[in-house]
Amino acid sequence: MSDFVIAAAGLCLLLGGGELLVRHAVKSAERLGISPLLIGITLVGFGTATPELVTCIQASLAGAPGIAFGNIVGSNITNILLILGVTAVIAPISVHLSALHRDGVFVLVTAIMFCAVGFLFPLDRSVGFAAVFLLGAYLFYAYKQEKIAHPPDGTESVDSLTTEVNHDGTMSAVAGSERAHRDVSSVFIPLATAVFGLVALIVGGRLLVDGAIAIAQKAQISETVIGLTLVAIGTSLPELATSTIAALRRHSDLALGNILGSNIYNILGVGGATVLVAPTKIPQDILYFHSGVMLAATVALLAIARFRYHIGRLAGLFFLGCYAVYIYSIVPI
């Protein structure tokens, strides 16, 4: 099969999968009574980070910690500077202060922890277990916070009654608890469709990367350039597709949650799993330079979001400019 056909098929799966994932993830959030932000952080954010997980585990088993941890740090940089930049240019992203304090600050905390642990401790299985446990604790805390913010309505009072239009055009009263039960019982289809869209995203991203690498190799582009550009960006293509479609549909909570969730999962989930599979240490160049760029990008994101309460097109262009400078600094000319 032609490399161009493979790449084109991957692109189609990315776009179609992203559309299914965004549309039905929002429906799932509505029917479960939780915010699209939490869905973005969990199902969407963690799911679209699956390519990073597969790549890092394979690299760790092959004894290549540079590829594994370079992928984690590089993906987080790409998520903020490239993907969030593109998303903000398409449609400005509104920021809820409560979500920023909980999820945004936790992204910064995990980035600081990554650097501190890398400098101070050997990365053995106890570190990996601690990272995975912290991820689970954070998810539980975020879920409990969302349930407090959006409590289920289980009363049968008059205030909980709503009206629905019958097939014959007449109106009938429906209790809030009955309506909630119907919503929960019908959440399976949109949730299953969202998962199907996620699978299409992952497969599409892989096909597009494989096709692009084959095209680049035939064009005699160096493997170093391919690794620093096509492969690094390729594992983040699901996030790019999902956030772009979410921005086009004006689901800014989902777009931002996708980025925040992916960055949290990359460090705690992917990093923790990588160390559990093969204990190792973070290469010095990643600790001293690339992790510093990751920290700076995270601080810039939080600062802009905190003081402006949205991430506009100008901020998006700033992020894209920073990403261009970063790529220029690491690609040998």
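Predicted model: local features only at pLDDT ≥ 70, side-chain atom pairs only at ≥ 80, totals over all residues.
1. Residues are numbered from 1 along each chain as its sequence is written, and side-chain values use heavy atoms, with hydrogens and water left out.

2. Overall make-up: the protein chain has 13 helices and four strands. Both are DSSP runs numbered from the N terminus, helices being H or I with at least four residues and strands E with at least two. Of the 333 residues in the protein chain, 48% are buried. For the burial classes, buried is under 20% relative accessible area, exposed is over 50%, and partly exposed is in between (1.4 Å probe, protein chains only). The accessible surface of the protein chain is about 15600 Å², and carbon and sulfur atoms hold 70% of it; these areas come from the Shrake-Rupley method with a 1.4 Å probe, and for residues only the protein chains shown count as cover.

3. The core: the largest nonpolar core has 54 residues, and the members touching the most others are Phe69, Ile77, Leu84, Phe114, Ile311 and Phe319. Elements giving it two or more residues include helix H4 (65-90), helix H5 (97-120) and helix H12 (284-308). H4 supplies the largest share, eleven residues. By definition, a nonpolar core is a set of buried Ala, Val, Leu, Ile, Met, Phe, Trp, Tyr and Cys residues joined through side-chain atoms within 4.5 Å.

4. Phe119 and Tyr288 have ring centres 5.3 Å apart and planes at 80°, so they make an edge-to-face pair. Because Phe119 lies in helix H5 and Tyr288 in helix H12, the pair ties together parts that are 169 residues apart in sequence. Phe119 is partly exposed at 45% relative accessibility, whereas Tyr288 is exposed at 59%.

5. Phe318 and Phe319: this pair is tilted, because the ring centres are 5.9 Å apart and the planes are at 50°. Phe318 counts as partly exposed at 45% relative accessibility, while Phe319 is buried, at 0%. Leaving out residues up to four places away in sequence, Phe319 touches Ile80, Leu81, Leu84, Gly85, Ala300, Leu301, Ile304 and Ile311. Elsewhere on the aromatic list, Phe289, Tyr323 and Tyr326 form one cluster.

6. A surface patch: Leu13, Val195, Val199 and Val203 make up a nonpolar patch on the surface, with about 280 Å² of accessible area together. Helix H8 (residues 188-218) gives the largest share, three residues. Val203 sits in helix H8 and is partly exposed, at 39% relative accessibility. Patch residues have over 30% relative accessible area and no salt bridge, with like charges joined within 9 Å and nonpolar side chains (Val, Leu, Ile, Met, Phe, Trp, Tyr) within 5 Å; a salt bridge is a side-chain nitrogen of Lys or Arg within 4 Å of a carboxyl oxygen of Asp or Glu.

7. One more residue: Leu237 is in helix H10 (residues 237-248) and is buried, with a relative accessible area of 14%. Leu237 and Thr78 are 159 residues apart in sequence but 9.9 Å apart in space, C-alpha to C-alpha.

Note on methods
Contact = heavy atoms within 4.5 Å. Phe/Tyr/Trp six-rings, centres within 6.5 Å; stacked < 30°, edge-to-face > 60°.
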